[in-house]
Amino acid sequence: MHADKIVIDTNVLVAALRSKRGASYALLKRLGTALYEPQISVPLFIEYESVLKRTDMVSHLSHADIDSVLDYFLSCAEHRRIYFLWRPFLRDAKDDLVLELAVESSSPFIVTHNLKDFAGVEQFGVRALKPQDYLKMRGVIE
């Protein structure tokens, strides 16, 4: 099995850090394995950090804990520079930065809980999937 290049939407990280029960956590738990290689850009990393450190977003974790998670994520991710912007394509510019990273890195998948926010990305050769659907497709869960 080869590792897929994927782009993980911020809402998946939030869900993974809020609960150990769901598919988001199962996906994050497999970070650093041969299942997938997350792609990251500076704008998306800043978005991750900004959202995760909001008051009450993941209140059981300290900023130092969040920094540790993000540091590990960075150590496992392929760092990409975005040279071409597709904006505006999606309704939300923060979703556009996820799409731009997927296009630049030739990632076939964006993993998100908000599929409707990524309507139309198929024309770029990208498919938006929920974490559980990605894990089912890869044979990790039934």
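Tutor: What follows is a close look at that pocket and at one of its lining residues. This is a predicted model, in which local features need pLDDT of at least 70 and side-chain atom pairs count only at pLDDT 80 or more, while totals for chains, interfaces and linings use all residues. Residues are numbered from 1 along each chain as its sequence is written, and side-chain values use heavy atoms, with hydrogens and water left out.

A pocket here is an open set of points on a 1 Å grid over the protein atoms alone, where a 1.4 Å probe fits, with protein on both sides within 12 Å along at least five of seven lines, and lining residues have an atom within 4 Å of a point. The lining of the largest pocket consists of Asp9, Thr10, Asn11, Val14, Glu47, Val51, Arg54, Asp92, Lys94, Asp95, Asn114 and Asp117. Two or more of these residues come from each of helix 1 (10-18), helix 3 and helix 5 (93-105), where helices are DSSP runs of H or I with at least four residues, numbered from the N terminus. Helix 1 gives the most, with three residues.

Apart from neighbours within four places in sequence, Glu47 is in contact (heavy atoms within 4.5 Å) with Thr10 and Lys94. Another lining residue, Asp117, is also buried, at 17% relative accessibility.

Technical notes
Buried means under 20% relative accessible area, exposed over 50%, partly exposed in between (1.4 Å probe, protein chains only).
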